[in-house]
Amino acid sequence: MLEIALKGSKRYYGWIAFLLVLIGIGSMAWLDQLINGLKITGMGRDVSWGFYISQFTYLVGLAASGVMIVLPNYFHGYKPNKHMVIFGEFMAIAACIMCLLFIVVDIGQPTRMLNVILHATPNSILFWDMIVLNGYLGLNLLVGWVCLQADRARLPHPKWLKPFIYTSIIWAFSIHTVTAFLYQGLPGRHYWLTAILAARFLASAFCSGPAILLLVMMITEKFTTFKMPKKAVSTLVKIIMYAMCVNMFFFSLEVFTAFYSNMPGHMHPLVYLFAGYHGHTELVGLMWTFIGLAAVSITLLVTPKFRNNFKLLPWTLGILVIATWIDKGLGLLIGGFNPTPFHTITPYWPTAKELLVSMMVYAIGALVVTILFKIATEVKEELGQAQAMPCGCSTEDECDCTPECGCTDQCTCKEA
Amino acid sequence: MKNNRRSFIKLAGIAAAGLGIAPRAMAAAMGGSAPIKDDPKGITAKQWAMVIDTTKLNTAKDIEKLAKVCHTVHNVPSIEGKQEVKWLWPDIYEHSFTEQENPHLPDAVTRRQYALLCNHCENPPCVRVCPTKATYKRPDGIVDMDYHRCIGCRYCMAGCPYGSRSFNWGEPRDHLDLDALNKEYPTRMRGVVEKCNFCVERLAVGKLPACVEASNGAIHFGDLNDPNSEIRAVLRERFTIRRKPSAGTEPSVYYII
Ligand code: SF4
Ligand code: SF4
């Protein structure tokens, strides 16, 4: 099936070339890091993990989120999602690859990476994280590829695959739980030392992940004949809405626990993030932006008029992604290290080189997504599944509008 | 008997891991089939511990002098700024005993500087989180580093509640006087974590830790598990506190206030 990825339009090749250029530029910065060490980053003795690990944490959520499409399909027999499943799985593959790469670029001695396996240490959560991430990557590769191949041959999905599919659903929860445990079990890091962290991780994953997936799918629709069934989209948006509400609810639980109990250790990171501490206010603006954007996205999501407006939807999702990214991709990590064990504040900001290396990883992720989605959309096209119709609906929508009616979201398609 | 032998072998193995970096020990380990023999002069304990008398050792100047001794002995690079490497350093009460503050402490206590270093915790989270056993606890209670095993993930730095660990963000040898190296102890490569090791390499040949030796009696060092040891006597007589007791790590460094 890989051959599909080799044939494409000029625009397709242009995009791939563009990504390769980004990867090339980023890898220069990485080479610099390999030669000179992690001193090229903004990390230090007090904030010893930075942008790389926070991106890893955020992307684990994206990997886990594919399950929000897979699960309704397999556990509830919810079929409108069925043409989206493969994209959830392929997205998870790209996300896992990016996660692993972010770990590779973060460690000081990448050539010794295999020590994690050669000297397996089960009391370290990092060991388990490596297992679950690679396992999830493998499961999704297997399930995604075999299903798509069967589809293409117009055969039913093989029976032996079922156990793997069910395992992958449960596994998805595990990757984010284990990643949360990475932070959760550390004494002296009060912002992380909370039983609800894993739950927060899952909630934020299940809103931000599907939101990113939907955004990428919308872009995919622009360049291919693929069209998401409207019903599948609105189901996913409802999932995003609930997950975002739960996410913010969990966050408010943290705030309550910290401030009602008046425990200094629990309050200080929040005070630093939202009000500044010891005269350090680096993150205050960003954190309030997060609260503001979260409020806006929730308002837009819970109001049916806005939620069902397909024109507005990309904006809503974009706002949500930015909000969750500030929270989990930045605040969580920096708030964990600050205040430091000495009750001081050491601000952290990624350097340009750190950002270039991260760009490389993201570009690799985009490349993987592009290639996998290209294959998936072409197969769907061959099969005539979930294709765009002249009226703007998907073939799965069972729409009754005429090509000339030019209907948009107000179209009178009768929903299946 | 059997037990003794086993613990000897274990000790020897760990000594090999810990000291394997010393070229002589390395050659012995690879050259012959005989296990490395412990130096008969070496001193041992069930749980090494330190008691720092802050009534005697409490100025930044004095502590920095000890730090210099420690850093010279261990070839610790001197780097300015947030990417610094340090094994032993002075800090104020507020930073050192973050949970044991009150606004009306005696001036004497708040004016002092406190010598900070790795606590060689009995229950060390840095060991718990390390994915490669590069950080490990020896049978004598010392939490040691195998610089050759470390992958530089810095999980131990996130795990340590005392900020006791440093990472070699760049090439440490660029920040060392290469003509004045201590040949008895290795330099590090970039990309690995390091921290105070209670001078395991000196204990192995019967010497006390360098800072203890240089402290003019302001630092006591001995076996916490031996009721007759000098430090147990000190702990019985003087009031001491430890850093962050709530973390449950059981630090082996005590401070006489
Ligand atoms: S002080 Fe920190 S580095 Fe030292 S043993 Fe305890 S947890 Fe580990
Ligand atoms: S940085 Fe090295 S010592 Fe620290 S946890 Fe990772 S492998 Fe272990």
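Contact here means heavy atoms within 4.5 Å of each other. Keep that in mind for the views below, which all come from a predicted model.

**View 1. Chain B on its own.**
Let's start with the fold of chain B, which has 10 helices and 10 strands. Take the contacts in chain B between residues at least 6 apart in sequence: 67% of them join residues at least 24 apart. As for burial, 54% of the 257 residues of chain B count as buried.

**View 2. Where chain B meets chain A.**
Here 47 residues of chain B are in contact with 42 residues of chain A. For chain B and chain A that comes to about 3600 Å², with 51% of it on carbon and sulfur atoms.

**View 3. Polar links across the interface.**
Zooming in, there are 30 residue pairs in polar contact between chain B and chain A, counting pairs with both residues at pLDDT 80 or more. On the chain B side, strand 2 (88-92), helix 6 (125-129), helix 7 (155-159) and strand 6 (166-167) each supply at least two of the residues that touch chain A. Sort the chain B residues on that side by class and you get 22 nonpolar, 12 polar and 13 charged.

**View 4. Around ligand 1.**
Which residues come nearest to ligand 1? Out of 14 around it, they are Cys118(B), Asn119(B), Cys121(B), Cys126(B) and Cys160(B). The shell as a whole has nine nonpolar, three polar and two charged residues.

**View 5. Around ligand 2.**
Ligand 2 also has its own set of 14 residues, and Cys130(B), Cys150(B), Cys153(B), Arg154(B) and Cys156(B) come nearest. By class, the shell around ligand 2 has 10 nonpolar, three polar and one charged residues.

**View 6. A glutamate in chain A.**
The last stop is Glu254(A), which lies in helix 9 (residues 230-261) of chain A. Is Glu254(A) buried or exposed? Its relative accessibility is 14%, so Glu254(A) counts as buried. Leaving out residues up to four places away in sequence, Glu254(A) touches Thr194(A), Ile196(A), Arg200(A) and Leu270(A). With one of these, Thr194(A), the side chain of Glu254(A) makes a side-chain polar contact of 3.2 Å.

Terms used
Residues numbered from 1 in each chain as written. Chains lettered and ligands numbered in written order. Predicted model: local features only at pLDDT ≥ 70, side-chain atom pairs only at ≥ 80, totals over all residues. Heavy atoms only, no water. Buried area = accessible area lost by both parts, 1.4 Å probe. Polar contact = N/O pair within 3.5 Å; in protein donor to acceptor, adjacent residues only side chain to side chain. Helix = DSSP H or I, 4+ residues; strand = E, 2+ residues; numbered from the N terminus. Nonpolar A, V, L, I, M, F, W, Y, C, P; charged D, E, K, R; others polar. Near = heavy atom within 4 Å. Buried < 20%, exposed > 50% of the residue type's maximum accessible area, 1.4 Å probe, protein only.
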